[in-house]
Structures are given as C-alpha cells and as structure tokens.
Amino acid sequence: MHGKNVELSEAVMRFGDFTAVHRSNLEIEAGEFFSILGPSGCGKTTILRMISGFIEPSEGRILIGGEDMRGRGPNNRPTALIFQNLALFPLMTVWENVAFGLEARGVDKAARRKRAEELLALVDLAGQGGKKPTELSGGQRQRVAVARALAVEPSVLLLDEPLSALDLKLRQHMRSELREIQRKTGVTFVFITHDQGEALTMSDRVAVMNQGRVEQIGSADEIYLNPRTPFVATFVGQQNVFRGKVAGLDEGLAQVETSLGRFLGINGDGLGVGDDAMVFVRPERLGLVGRNGGAAPGNQLEAEVEGRELEGPFINMFLNAQGLPLTMHVTNSAEMPAQLAGRQKVGFRSEDALVLRAGDLADE
Amino acid sequence: MSAQSSENRVAQAILNGYLAVFFLYMFAPLIVMSLAAFNAYDYPSVTQWRGWTLKWFSALAEDDRILIGLQNTVVVALGVIVISLPLGLAGAFILTRLQSRWTGLLYAALVSPILTPGIILGISTLIFWRNFDVPGGLFLTVLAQSSFIASYSMLLFMARLQRQDRVLEEAALDLGGSNLLVFRRITLPFLYPTIATASVIAFLQSIENYNTTVFAIGGDWTLVTEIGSRFRFGLSPVINVIGVIFVVLTVVAATLYAYYRERERKRVLAIELELRAMDRQARLAAKRRGPEADETAVPLPARA
Amino acid sequence: MNELLRSYGRGLTGLFVGLTIVWLAVLVIVPQAMMLEQSLWSKERGSEISLRIDRAYTELETAKFDLAGDLAPDKKAELEDAVSRLEAEIAELEAQEQDPPKVYGLQNYTKMSGLHFNIFVKTIAYAALVTLLALVVCYPIAYAVAHLSTPRKAALLLLGLTIPYAINELLRVYAWLMILDYQGVINSFLAAIGFVSFEAKTWVPFLEYSGSVFVAMIYAYILFMVFPIYNTLETLDRNQIEAAKDLGGSIWLTHRRVVIPHAKPGIAVGCIMTFMLSAGSYAVPQIMTRGKSGDWFSQLIYRQFFESFNWNVGAAYSFTLLIACIVFIFLMMAIFKVGIRDIAK
C-alpha cells in the first residue's frame with residue numbers, strides 16, 4: 001500500500017441554485033494526514049464525496065495520483081471511505097465485512113479470509129473475525145471500519161467524522177490509533193471533522209473551510225498562530241476581538257482606532273489607513289498590567305471583572321470593557337490574588353495581536 | 001387533583017369493564033364453535049348436547065372433499081406466495097426509490113387492490129381470463145388473490161426498505177461492489193426477515209380468503225369454498241373440527257413466537273451489557289496510557 | 001429513475017419495472033377495464049328477429065312448394081334463386097339470433113330494478129352503519145392496547161384480538177349463527193330461565209333482525225378497524241397525553257384535541273377497510289340470513305353471475321359497488337384530511 005496525492009483543480013459543486021463548494025484548489029500530498037476542518041454545512045463533506053466519487057464536481061477536475069477521476073464511480077477509484085456512522089454491514093460477520101471489497105473483486109473465499117485476518121491483526125482485532133459487528137464495542141467497530149477500508153488497498157483513505165459517535169475518552173484514544181495506522185500503511189488520509197482538537201492533533205496539514213470556501217491551509221501551528229481570516233482566527237481556539245479602522249501604519253504593524261482606544265498589532269493583511277479592521281488577541285496573551293513585573297505592554301484598556309472559573313493550571317477570567325466581553329487566561333500562580341474584582345487595567349503586546357481585514361467570524 | 005384522579009379511576013373501571021365485555025364478545029363464538037366439535041349430535045350445536053365424542057375428528061380424516069380442498073388451499077397459497085412476493089418486492093423497490101410526480105399515482109394504483117372489495121377482484125379476473133378461454137379454477141384463484149396480496153407484501157417491503165440505512169449501500173459501492181453484488185449481499189439479506197413475514201402473511205391471507213375465491217374458483221374448490229357450499233347443503237360438526245384445529249395451531253404458533261422473541265430479547269440484552277463493560281475497560285486503558293490521551297479542552301500547540 | 005438506476009443498476013431496475021408493469025396490467029388495470037367494458041354492452045334477443053325468421057321460412061316453404069310444380073325454365077331459375085337467397089337470409093338471421101350483436105350503452109345500469117336499487121342503497125347504508133359501530137367499539141380497545149397497558153398485557157390483548165382470526169371468516173360468522181339461532185345458545189339460555197318456550201316457538205328471532213348481521217360483521221372485520229388505529233396511536237407520545245391531563249384537560253377533551261387528531265389516518269384507514277369489506281361481503285349476509293331474507297348487494301351480484309348467468313348485469317353491479325367504495329374512500333380522505341400516502345400503511 002502506498003499513498004497517492006489528491007488534487008482538486010478549480011472544483012465547483014452546485015446543487016441547483018445552491019453552491020456547496022465554491023471554486024477551490026486543493027493539493028493533498030501523497031502519504032500525508034490531511035484534515036478538512038469546518039462547521040457543519042461548510043462543504044467539507046461535499047469535497048469528500050467528490051473525491052470518493054459519489055458526486056461529480058459541477059466544474060473543475062479531481063485528480064488522484066495525477067489521473068483525472070471524471071466519470072469514475074466510487075467503485076472505480078483508488079479511494080476508500082470510512083463513513084460517519086461506519087456503515088458496517090450488520091448482517092455479515094466482522095471478517096466478511098473486512099473482506100467485502102475483496103469479494104467484489106472476485107477473490108476466492110480462502111484468500112479473502114486470510115487477508116481479512118491479517119488486516120484484523122493490523123488493527124488489533126485478531127481472532128474477532130467470527131463475531132457480528134453488533135457484538136463489538138464502539139472502538140472495536142471503528143477499527144473494523146478501518147480494516148474494511150484498507151482491505152481494498154486504497155491509495156487514499158477518506159474519513160468522514162468517523163470518531164463523532166464515540167465518547168470523549170475513546171475518541172482521544174482512537175486519535176492516536178488512527179495516526180499510528182496511517183504511519184504504518186503510508187496511505188494518504190483525508191480526515192473530515194468539525195472538531196478542531198481532532199484536526200490539530202492528528203494532522204500534518206489542516207484546511208479550514210467556511211461556507212463552501214477553503215479559507216486557509218497549513219500546519220496546526222500556522223493555523224493557530226497565524227490565522228489568515230477572521231473566521232479561521234475565531235473558529236480555531238478562542239479570541240478577543242476589537243473592531244475599528246486602521247489609523248496608522250508602522251513597519252509591519254497597524255494601529256487600529258477602536259471604541260476602547262488605539263491598539264497596535266501585526267498587520268496580517270497588509271491593510272492601509274482607513275480600512276475596516278479587526279484586532280485579535282488570544283485570552284492567554286491578555287494580561288493584567290503591572291503584575292508579573294516586566295515592561296508594561298503597549299496596548300492597554302480598562303475592564304470590569306465579571307466572573308472567574310478555575311481551570312486548574314490557569315484561571316479563566318471574564319471581563320467587560322464598556323459592553324465588550326473579554327476573556328483572559330491568567331496563570332494560577334502564588335502571586336495571583338484569590339479575589340480579583342472591580343475595575344482592572346489589562347493589556348497585551350502588539351506582537352501578540354493580529355490585525356486582519358474585517359470579515360465574518362465563526363459563530364462559536 | 002383528587003377530582004382528577006377519581007375521574008381517572010372511574011374511567012379505568014369503565015374501560016376494564018368494557019374490555020371484559022369486548023373479549024367475551026371475541027371469545028364466546030370461539031368457545032361455542034369449539035365445543036360443538038366434541039358434541040355427538042349430528043348437526044353443529046352446543047344446545048342439543050348428546051355427549052362428548054371425538055368421532056368428528058375421524059370423520060374429518062375420511063372426508064375426501066375436505067382433504068382435497070385442504071390440498072387445493074395449500075397449492076393456491078403457495079402459488080400466491082410465488083407470484084405476489086416478487087411483484088410486491090418489485091413495486092416496493094420502485095416506490096421507495098422513484099422520485100417523480102407520478103410516484104403518488106403509481107402508489108395509489110398499486111395499493112388499490114387492497115381497497116377494492118374482494119368479490120370485484122374475483123369477478124374482474126374471471127371476466128379478463130374468459131377472453132383467453134381460461135375458466136375459473138385454481139389458476140385463476142391464485143391470480144385473483146395475488147392481485148391484492150401482492151399489495152400487502154409491497155407495503156411490508158416498503159416499510160422495511162424505508163428503514164434501510166442507505167449508507168450501507170454506498171459503503172458497499174465504495175468498496176467496489178457492483179449493483180448486483182450489493183443487491184445480493186446487502187439489500188436482499190436485509191429483506192430476508194420481511195420475506196419470511198410476507199410469506200406467512202400471504203399464506204394466511206390466501207387460505208383465509210373467501211370473497212375473491214368464490215368467484216374465481218370455478219368447478220374446483222378450496223377448504224373455504226367447500227365450507228361455504230356446505231352451508232347450503234348440510235353441515236356437520238366436521239366444520240367445527242377444522243376450526244378447533246386452526247385455533248390450536250394458532251395458539252401454539254403464537255406461544256412459540258412469544259417464547260422465541262423473549263429469548264432473543266434476553267440475548268441482545270446480554271450482549272449490550274457485555275459491550276458496555278468492554279467500552280469501560282477501553283476507557284480505563286486509555287486513561288492509564290498517560291496524560292497525552294487525557295486532554296479535555298482544545299489542545300494548544302506550544303507557544304512560539 | 002436515476003436514483004433507481006444508481007441503486008440497482010440497469011438489469012435489476014429493468015426487472016423491477018417489468019414485474020410492476022405486468023402486475024398492474026394483468027392483475028389490476030386490464031381486468032378492471034374489461035369488467036367495465038363488459039358492463040357497458042348487452043346482447044338483446046329481440047322478438048323482431050324471430051318474426052323475420054318465421055316470415056322467411058314461410059316464403060321459403062312457398063317457393064319450394066311452387067318449385068315442385070311444373071314450371072317454365074326461366075320461372076324455375078328465378079324460383080331457385082329465391083330459395084337460395086332465402087336460405088342465406090335465414091342462416092344469417094339465425095346466427096344473429098344465436099349470437100346477437102353487442103349493443104353498447106348504459107342499459108345494464110339504468111335497467112336496475114327498483115328492488116335491486118333498494119338493495120344497493122340498503123347495503124351501502126348498512127355498511128356505513130357497521131363501519132360507524134365498529135369504530136365506536138374498536139377505538140377504546142385500540143387506545144387501551146396502545147396506551148393503558150403494560151407491554152406484556154398489551155401483547156396479551158393483541159394475541160386475544162388475533163386468535164379469533166385463526167378460524168376462517170365463514171366459521172367466525174357461523175359461530176354467531178350458532179349463538180343467535182332460533183334454538184341457539186341465547187335462546188336456550190332464555191328457555192332455561194323460562195323466558196321463552198321452544199315448544200310454543202316463542203323464541204326471539206334474532207336472525208330475522210338485520211342487527212344480527214351487524215353483530216357478526218363487526219366481529220368478522222374488527223381487526224381491520226383495531227389495527228390501523230392501534231398503529232397510529234402507538235406512535236403518539238405518551239407525554240402528550242400526560243401533558244393534556246396535567247393542564248387540566250378532561251378525558252373527553254384530551255381525546256378530542258390530542259388523541260383523535262393524532263389517530264386520524266388510522267381511523268380513516270380503519271373506516272375505509274371496514275366499509276369496503278362490509279359492502280363487499282358475500283359470506284356474512286349469506287350465512288347469517290341463510291340466503292332466505294334480506295339480500296345484500298353482494299349476494300345479488302353473485303346470483304347475476306352464477307344463477308342468472310347474466311355477466312353483463314353482474315359486471316355493471318360490480319362496477320356500481322366499486323364506485324361506491326371509491327366515493328367512500330374520497331369521502332374519508334376529505335373528512336379526515338389525509339392523503340393517499342397515509343392510507344394503507
């Protein structure tokens with residue numbers, strides 16, 4: 001088994017008047033663990049179904065290993081899909097499930113059985129082949145689905161939120177298992193999820209989608225630290241957002257005039273004076289002015305403390321700055337007063353703030 | 001509150017009384033009919049009691065017309081199963097997958113035999129086949145019965161198909177299965193229980209049918225039309241014996257079915273308990289594996 | 001169609017479509033159409049045609065008699081011509097008399113006698129009454145099984161409902177005959193307590209009341225009313241009933257505003273089935289009246305086919321019955337505001 005690269009070239013998908021996927025280009029490298037992250041309805045499942053061949057793009061091409069896939073149905077592509085609900089065949093035994101793809105290819109029964117056992121061993125299910133899928137636990141079913149998909153020796157494995165049916169603990173366990181299987185087989189994994197934790201921890205690269213468009217592609221670090229759109233900035237992780245207009249520019253930094261004052265941040269979009277802008281600051285980059293020593297940060301504002309939540313290693317502070325809610329993570333250290341109330345001065349460094357052209361935020 | 005509950009109590013009492021009367025209504029005829037099978041009197045009766053006897057059972061065993069009728073009944077019922085199941089299946093596949101503005105009309109046409117009086121189904125079949133010089137008989141009876149029993153099987157198959165997980169078909173296609181293989185390995189096995197149910201229902205409806213059969217049967221006879229003609233030409237308690245046999249068979253079948261269901265339910269429950277235990281162990285194992293698997297919130301990449 | 005092809009491929013789709021067409025054509029539509037066609041013509045054996053045959057025979061005899069005499073050759077040839085012409089005419093007329101030409105028209109319907117029409121109206125009215133009674137009898141049962149019983153008790157009740165169906169419709173009805181007969185169970189009981197006397201023939205003649213047919217008919221078709229209602233009631237969330245009661249709704253209000261509206265499709269189906277079965281029932285009135293009194297329309301139809309051998313009139317009567325049932329279906333759909341898709345589920 002070896003992975004192949006997948007390329008979406010100018011692909012568009014329309015259903016009647018509704019455009020599910022706007023003109024998109026996407027290159028997934030051979031053997032990479034690639035995630036497509038986005039809220040439900042963003043078009044990520046549509047992309048997956050285009051790659052697997054259940055639907056044909058309205059325009060543009062899909063190439064796998066450099067070959068144009070147009071006109072080839074799901075049973076004629078070097079892909080295998082793992083469905084959200086796994087879609088194990090309930091009336092077949094586990095090994096028959098795993099061997100179904102081989103049965104479709106006319107492999108004789110003894111060979112099928114042998115191969116199924118090998119694959120079951122690969123996913124730690126040796127000796128479970130005779131059971132029915134309903135006799136397995138959630139995590140085991142998950143692994144059967146993976147083995148069944150791998151049996152057809154796909155170059156690309158497509159996973160449609162396959163972990164969403166599992167409970168939290170099992171989900172986290174399966175993350176590392178899937179990653180491990182991907183490493184062992186070298187198959188290209190395309191993983192669809194709305195769970196940023198899944199996408200960021202498992203993937204080599206992540207594409208973030210919103211409303212039918214790919215907004216950003218990059219490694220987990222890039223996505224988190226250098227989001228390129230307001231949507232990506234707010235969809236992945238938490239943000240404090242200040243709206244305003246660019247009032248001045250200074251060596252890659254932009255000064256934004258907001259209702260709470262002027263803030264300086266990294267000019268991520270190359271904005272000019274007068275442009276509508278948003279300043280993004282992560283809660284962990286916001287701090288109380290005058291604590292922890294050090295120089296006072298360049299950007300400061302006053303806010304009312306409204307509540308706090310103890311998270312253990314840090315404290316989640318909820319603030320209100322003239323009606324704008326803010327969140328601040330404060331390290332839970334000895335210097336932190338047990339009670340912090342009333343009006344406080346908070347601030348952030350300009351290199352911790354990102355200025356982007358104003359746009360849609362994620363709802364969450 | 002107390003007014004409410006006393007109202008409820010009165011209503012419950014009325015309902016219980018009603019249920020008792022209702023089931024008396026349901027079972028009194030059965031009891032009367034069964035008793036007459038054991039009465040030595042020559043005519044079916046429970047009021048003219050001439051002592052207990054089993055002679056009507058042996059009389060039944062020697063009654064050739066009844067036995068031939070029984071045989072014909074079974075032949076017709078099997079014929080009905082063979083014809084109406086494929087038709088019902090085909091109709092169900094089309095109606096569950098055809099998206100057209102004609103689907104509603106097709107549906108109405110395919111269920112219409114259920115809503116048509118049985119005698120009319122028999123008559124129209126008789127008239128239709130007279131054009132081909134096919135007289136009434138077992139063959140026409142099979143066709144006439146199939147016209148509406150196929151509709152019943154179709155409804156059963158449709159109900160099942162609507163509960164089918166379409167993703168399973170997609171999954172099988174994705175793994176390289178051809179339409180035929182998917183049909184054979186996924187769709188048909190999914191329908192097996194319904195095929196069994198539909199066969200049983202078709203069989204029961206066929207052997208029970210009188211109104212359609214009496215028009216299509218011609219010179220032949222089934223058990224039911226034979227009973228029907230005996231109402232005119234003299235009855236004997238042999239008829240009641242047949243009733244008793246059917247009641248006993250039904251009770252036995254229902255008991256076996258209930259027993260089987262209960263066993264199946266217990267088996268499923270046991271498996272579920274076992275699975276829950278397995279999942280719990282898997283979670284514990286995941287926990288032991290270390291903190292890396294124990295993150296709860298969004299895992300944050302290392303700060304730059 | 002695309003959906004079908006994608007799911008089953010060309011071969012299987014073709015097979016399904018073919019089977020469905022055969023079913024519709026051979027078992028449903030064409031036979032019904034032929035029944036309609038049969039009801040729209042008749043063969044009249046007019047007296048006029050036999051008169052013409054008689055007249056031709058007289059002429060033929062005369063001509064033959066003349067031929068037997070001594071005649072001029074040209075006269076003789078003329079007479080021989082006339083004989084062969086008459087013989088041909090007679091053959092043709094006789095063929096016509098044997099197999100009169102079809103006359104199309106509504107005569108089979110319009111000729112329905114006053115008596116037969118009365119029977120038709122009575123049958124429809126009785127069937128509607130049976131339907132109404134069955135609904136009243138069955139609704140509480142369906143509700144009790146669906147909502148007031150523990151699962152085990154409900155299963156037992158369902159079994160109780162099903163067991164009478166172990167025996168054939170004829171036997172079910174026959175059992176009632178044994179109960180209601182002149183010297184049946186009830187009259188014997190009444191005699192035992194001295195209420196009636198068999199010797200004086202003062203028994204209660206239940207079988208002469210149309211009510212006895214109703215009792216047996218409701219008994220025979222009760223499941224067809226109970227099960228559709230039960231099926232819809234079973235899908236009603238019990239919490240809705242609780243909520244209605246909790247809000248202070250009386251039992252009557254709860255049923256009128258919550259339960260019955262939910263059960264509408266089931267009630268409609270139950271009524272349609274019961275009406276159709278009652279209006280088209282041949283067995284029940286045949287057995288309960290022993291063919292003696294108070295014919296139902298179905299018995300009339302049977303006699304047209306197998307006693308009068310007048311299939312055209314029989315077909316016309318059948319079609320009339322079918323129309324009545326179709327009208328009833330639409331009536332129910334309008335009253336209960338349900339679509340054809342809800343019917344026969």
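In strand β10 of chain A, Val214(A) is the bridge partner of Met209(A). The model described here is predicted, with local features requiring pLDDT of at least 70 and side-chain atom pairs counting only at pLDDT 80 or more, while totals for chains, interfaces and linings use all residues. Residues are numbered from 1 along each chain as its sequence is written, and chains are lettered from A and ligands numbered from 1 in the order in which they are written.

Strands and helices here are DSSP runs numbered from the N terminus, with at least two residues (E) for a strand and at least four (H or I) for a helix. Two strands pair if DSSP finds at least two bridges between them. By this rule, chain A holds an open sheet of six strands in the order β6-β7-β8-β3-β9-β10, with mixed pairing. Its edges are β6(A) and β10(A), each of which pairs on one side only. From one strand to the next, the twist averages 20°.

Chain A is assigned two domains, domain 1 (6-229) and domain 2 (232-357), with bounds that come from an automatic or database domain assignment. Their C-alpha centres lie 39 Å apart. Nine residues of domain 1 and seven residues of domain 2 take part in the contact between them, where two residues are in contact if their C-beta atoms, placed from the backbone, lie within 7 Å. On the domain 1 side, β10 (213-218) and α8 of chain A are the elements that give two or more residues. That side divides into four nonpolar, three polar and two charged residues; Ala, Val, Leu, Ile, Met, Phe, Trp, Tyr, Cys and Pro count as nonpolar, Asp, Glu, Lys and Arg as charged, and the others, Gly among them, as polar.

Turning to the chains, the contact of chain A with chain B takes 35 residues from chain A and 30 residues from chain B. Elements giving two or more residues to the chain A side include β6 (79-82), α5 (138-151) and α8 (220-225), and α6(A) gives the most, with five residues. The chain A side comprises 16 nonpolar, 15 polar and four charged residues.

Among the two pairs of chains that touch, chains B and C have the most contacts. Here 73 residues come from chain B and 70 residues from chain C. Helix α1 (residues 2-36) of chain B supplies the largest share of the chain B side, 15 residues. That side divides into 52 nonpolar, 17 polar and four charged residues. Chains A and C, by contrast, do not touch, and their nearest C-alpha atoms are 10 Å apart.

Within chain C, helix α11 (residues 251-279) packs against helix α14 (residues 311-336) at an angle of about 165°, with their axes 10 Å apart; axes are lines fitted to C-alpha atoms, for helices over the stretch in contact, and angles run from 0 to 180 degrees between N-to-C directions. The two helices are therefore roughly antiparallel, a term used for angles over 145 degrees. Residues making the contact include Cys271(C) and Phe275(C) of α11(C), and Cys325(C) and Phe328(C) of α14(C). In this contact, 15 residues are nonpolar, none is polar and one is charged.

Technical notes: Parallel < 35°, antiparallel > 145°, perpendicular 65-115°, else oblique.
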